[in-house]
Amino acid sequence: MKRNIFGRIFFPVLLCVAVLGLATSAFGQGRGGGRGSGGGAGNAGGPPPGVGVDRGIGNASTRSNGRSDDGLGTASDRSNGRSDAGLDRARMAENNRRSADKELREHPAIADAVHLNANDLRDGYQTALATNPDLKFGQYVAATRLAQNLGGRFPNITRDAILAGLADGHSLGSTLKSLGLSSQEADAAKKRAEREIKQARQ
């Protein structure tokens, strides 16, 4: 009789302990597997896939089962391609900015040639890219030097005026002529600036 009562009490308690132990083990494995799968430990807090303006686009497509791709397509259609053009402009500006950083690392004397420190030259170029993402770093440096060489005699020839001409699709020579220089003066000014910049690159 006592054995039956003991069995009735002990068996349910033992069963509860066993179930609780299994549940705790499964919960712990689930948490550990969640960190390992999905790249948590492998990623180690690193940046998302992709760089620059394209960062996360491919990842978003995977996580949304393609819905983000549909959204990009819809944005392109509704804006008549303007969203695509905006992305292209951002990519162009970023590529040009990286090229400028590389140029300044390899030829730091370029900043000295235009009487600026590297940070000011880089910041000014980045500001100019917001208006004209196609602007090359060499063009920006040349516009800076031309304005310094010519501004004393021709006050209307400023870096901003030269950059505006380039943004409108004009060459350096035609821009200088539109600002009052003759063809010979424009050619001579360009050659002088190119010579000074070339010396800085050596």
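Me: Which helices each supply at least two residues of the lining of the largest pocket?

Reply: Those are helix H7 (118-131) and helix H9 (159-167), where helices (H or I, at least four residues) are DSSP runs numbered from the N terminus. This is a predicted model, in which local features need pLDDT of at least 70 and side-chain atom pairs count only at pLDDT 80 or more, while totals for chains, interfaces and linings use all residues. Residues are numbered from 1 along each chain as its sequence is written, and side-chain values use heavy atoms, with hydrogens and water left out.

Me: Which helix gives the most to that lining?

Reply: H9 does, with five residues. A pocket here is an open set of points on a 1 Å grid over the protein atoms alone, where a 1.4 Å probe fits, with protein on both sides within 12 Å along at least five of seven lines, and lining residues have an atom within 4 Å of a point.

Me: How much space lies in the largest pocket?

Reply: About 160 Å³, taking volume as the space filled by probe spheres set on the grid points, which are joined across faces, edges and corners.

Me: And what lines it?

Reply: The lining includes Gly124, Tyr140, Arg159 and Asp160, and its residues divide into six nonpolar, four polar and two charged. In that division Ala, Val, Leu, Ile, Met, Phe, Trp, Tyr, Cys and Pro count as nonpolar, Asp, Glu, Lys and Arg as charged, and the others, Gly among them, as polar.

Me: Switching to salt bridges, how many are there?

Reply: The count comes to eight, a salt bridge being a side-chain nitrogen of Lys or Arg within 4 Å of a carboxyl oxygen of Asp or Glu.

Me: Which residue does Arg98 pair with?

Reply: Arg98 forms a salt bridge with Glu94, with the closest N and O atoms 2.8 Å apart. The two are four residues apart in helix H5 (residues 82-106), so about one helical turn separates them.

Me: Is Glu94 buried or exposed?

Reply: Glu94 counts as buried at 14% relative accessibility, whereas Arg98, at 39%, counts as partly exposed; buried means under 20% relative accessible area, exposed over 50%, and partly exposed in between (1.4 Å probe, protein chains only).

Me: What about Glu196 and Arg145, where do they sit?

Reply: Their side chains meet in a salt bridge (2.8 Å, N to O). This pair links distant parts of the chain, with Glu196 in helix H11 and Arg145 in helix H8 (residues 137-150), 51 residues apart. Both Glu196 and Arg145 are buried.
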